[in-house]
Structure formats: C-alpha cells, structure tokens
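User: I would like to go through the domains of this model, the contact between them and the surroundings of the ligand. Please keep the answers brief.

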Amino acid sequence: MPMSTSLQVRRSGPLRGTCSVPGDKSISHRALLFGALTDGVVEATGLGRGGDNLSTASALRALGVDVQIDGGDARVRGVGFAGLRAAAAALDCGNSGTTIRLLAGLLAGRPFATELRGDASLTRRPMRRVAEPLRKMGATVEGRAEPGRPGEIFPPLRIRGGALTGIRYDLPVASAQLKTALILAGLQARGPTVLREPGRSRDHTERMLRSLGAPISVDATGAIAVEPDGWDGRLRAARIAIPGDLSSATFLIVAALTVPGSEITVENVGLNPTRAGALDVLRAMGADLSIEETGDAMGEPVGRVRARAGRLRGTRVDGELALRAIDEIPALAVAAALADGETVFADLAELRIKESDRIAALARELGRAGVGVEERPDGFVVTGLAGRPPGGGTVVPEHDHRIAMTGAILGLTSADETTVPAADILTSFPTFAETLVGLGASID
Ligand code: S3P
C-alpha cells in the first residue's frame, strides 16, 4: 500500500491474527552507529526501515563508512573512531533527533568540522542539552540562536571536535539521546566520564556497547562510568539481531484492545524494561494482555505480546512510568480516550519538544475526534468516552509520525471516516497500514 498519500480510516470489525513489526528504531540507530566504530564487519538483522534509521545510515556513509542495507539486513564495515573522515557537505539528519544528538557526541571527539542539519521539525528541537556538556569536555559546538530563547540553540549545528577530557555530569533531564552522546564523547576522552540521570532513560546504549567490549559500567545507583584510559579504543564486531519495535507494536496493541472483538499477537518484539512502560500502563487500565518473553538478543529481552479487546479504565501515568512510556503516550492517549473514567498524563514536559509539541497535538487530535482533553504544562487529562468517538475529519501530523498513527487508530473505532496524511508514518513504521489491513482493519 503506498504511504505517500492519505489513508482513509473507517470503523473496523475485529482485528485478528499474528503479526510482526519493523526493527526497533532506537536499537537500529545504535547497531549502525556503533557498528561503524568496530574493528570488523557488523551484520545486523531486523533493522528498522523507517526514514530515521536511513538518516543515520546515510550520515555514516558521508563520514566514510561502508553501510549496506538490503531490506532488514544491514552490513556495516567498521572503521573505528579514528577511521571516520570529514564529510564533504552538511549531514542531513532528516526528522531524527536520535541521529543528530548521537552524531554530535561522536563527532565532538573527531579532529574535523561537521555541520548537522534536519527537516523543519528537527530544526525546531533544542540542542543546548548536548552542546553544553560537549563544550565542557572540550568540543566546539555552535547552533542557530532564536529570538526570545536566550542560551538555547537549534540545528543546524556546527561541531569542531578535538581532544576531549572526561567529565562528571548530572544530566538536567533523563534522556537516552543525551546520555548516549556523552558516552560516545566519553569513550574518546582522556580520563573517566561519570553520568547521572534524574531518572533512568532507556538503556539500549549501555547494553549494546558493553556487548561490543566498551569500558562502561553502571552502578547500583544507576550512575554510568566510562573509563577509556587503558582501553585500546576498539569495539569488537558482532552479529546483532534487532527485535521488533515496541513503540510501533503499541499502536497495534491499542488498536486490538479498543476495536471490539479483536485478538492479535505481535511476535518478536523488544521488551526492555526501561522501555516497556506502556505495557504496564495498559495492564493498570485493565487490558487483557499476555506477555511471554521468548529470548534475548544482545542483552535485550524479546518476546510476544497477545492483546484481546475489552473494557479499559482510566489511570494515572507519571514519574518513572511516564519516562518508560515516553514514546508510547500518543498510542496510550487513544486507550485513555476509549476507557471508562479519567486518565491523567503528568511529568511529560519532554513531550512538548519531540517531533511536534505532542501535548498540544494530542489535545487537538483527540478534541477533533470528540474526546474531552484538558491540556496542562507537563501533560494532559483525558475524559474517557467508554464508547465510540464521533471522529471524522483530517489529522494534522505536523511532521510527527506518532501523531499520524494516533489519528489512524482512533479512526478505527470512530463513527465517521478519518483522513490521515500518511507520509510522516514512513519515519518509523512504513508497513503500518498494510499490517493493520492484514489484521482486518478498514483502511484504504
Ligand atoms: C531515543 C530516546 C528518547 C525517545 C526517542 C528515541 C533514543 O528521546 O523519545 O524517540 O533512541 O535514544 P530522549 O532521549 O530525548 O528522551
């Protein structure tokens, strides 16, 4: 099904069957990027096929790395940190915050200048969080200033890397992108780097880099130590099996929980606990879920999730649970819209600076479909309809794949037909519509 135009989403009969989702976007970025830093050939299977992962692949190629992608299979010929070459032109990070922030940390230690840019959405995202600590370590990082936002910088970023010194740093925000950038800089620095987060963000980087032999440890308090002194600077090449993306799966799971009579199974999906808060939220809402761990892929737990439609009740999503479900809040907002009672989403100020202002976008899209939403500075409150929303109209994704998919799954239970511009969905889940159609959804 072509995804370049619009989807027409209608109220659907039961969704049934077994499906899988494309590879985890976060882990795919890391497999490509860390693969480039190894001393051999990294073969990865199950690579995510969205635009974000392709942005990381093409940026690495521009830095002199041989990256070949064939469907879900990737082959990266590692060049090590020292083998990266200055790019001939600015690197286009597209819509991908992970690409720009991880590359910023990597390039902070390389002895050349690089410009990193992106699309209209990425160009509005704040980069001071990475610039500040990287400057403290010794890199030159400049960005675009904006009137009324003193001290903040935005892409394009210009980075001139150099000799770095390790730092002890308390991250102002729990962010895996920031943490990973500083770990990559720390691996190239003189002396140890010790990082503390105000909450525990997803730990894919720590798991994968340790498997590849990087000198990283995490203590009982969650502090991360990078100790490069005495390390030969080489990551060991390995085969990497990337599990399916739980963020993509959550849209299908919420669709199955809310379309009456549905029962689906999603196979081979990543279940990393620092990432799987959405499943805990859905369980707290009374969802009929069964989760079976079936294996482990390079330190990442993998399994299958079965979801059966039924009544959901409102809940509260805040604190560490909110952090562990940060990317799934849009899908969870649909579950909240169709539940009995109120759901409070709090401690989610970070959602305002994702691919769109997701708090404003969700309030707008749920409101358009006839769901009561109260917007707050750090979240929103949804009054569940305990039934079908009126729906109808056209979703405005604002360059945000997850807002487009939210509008689509809400459309599956809505009385009136919903139009969803589909182009942004390519960012993370190009097979979204065909997977839903395969399960029985009414989407043209
Ligand atoms: C990601 C980290 C999260 C997440 C993003 C992917 C990653 O962002 O929202 O979609 O792959 O490291 P932050 O680390 O900025 O919270």
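Predicted model: local features only at pLDDT ≥ 70, side-chain atom pairs only at ≥ 80, totals over all residues.

User: Which residues make up domain 1 and domain 2?
Analyst: The domain assignment places residues 25-231 in domain 2. Domain 1 is given as two segments, written 6-23 + 243-438.

User: What distance separates the centres of domain 1 and domain 2?
Analyst: The centres are taken over C-alpha atoms. For domain 1 and domain 2 they are separated by 28 Å.

User: How many residues does each domain bring to the contact, and what area is buried?
Analyst: Domain 1 gives 25 residues to the contact and domain 2 gives 29 residues. The size of an interface is often stated as the accessible area lost when the parts come together. Carbon and sulfur atoms give 50% of the area buried between domain 1 and domain 2. That buried area is about 2200 Å².

User: How many residue pairs are in polar contact across the interface of domain 1 and domain 2, and which elements of domain 1 each supply at least two residues?
Analyst: Across the interface, 17 residue pairs are in polar contact. On the side of domain 1 that touches domain 2, the residues comprise nine nonpolar, eight polar and eight charged. The elements that each supply at least two residues of this side are strand S17 (300-308) and helix H12 (401-411).

User: How many residues apart are Glu355 and Arg125?
Analyst: Glu355 and Arg125 form a salt bridge with their closest N and O atoms 3.9 Å apart. Glu355 is in the loop between strand S19 (342-345) and helix H11 (358-368). Arg125 is in the loop between strand S7 (113-117) and helix H4 (128-137), and the pair links distant parts of the chain, 230 residues apart.

User: How many salt bridges are there by this rule, and what is the count between domain 1 and domain 2?
Analyst: By this rule the count comes to 39 salt bridges. Between domain 1 and domain 2 the count is three.

User: Which residue has a polar side-chain atom 2.6 Å from an oxygen atom of the ligand?
Analyst: The residues surrounding the ligand include Ser26, Arg30, Gln177, Asp327 and Arg402. Gln177 places a backbone N or O atom 2.9 Å from a ligand oxygen atom. Ser26 has a polar side-chain atom 2.7 Å from an oxygen atom of the ligand. The residue with the 2.6 Å distance is Asp327.

Notes. Residues numbered from 1 in each chain as written. Heavy atoms only, no water. Domains from an automatic or database assignment. Contact = heavy atoms within 4.5 Å. Buried area = accessible area lost by both parts, 1.4 Å probe. Salt bridge = Lys/Arg side-chain N within 4 Å of Asp/Glu carboxyl O. Polar contact = N/O pair within 3.5 Å; in protein donor to acceptor, adjacent residues only side chain to side chain. Helix = DSSP H or I, 4+ residues; strand = E, 2+ residues; numbered from the N terminus. Nonpolar A, V, L, I, M, F, W, Y, C, P; charged D, E, K, R; others polar. Near = heavy atom within 4 Å.
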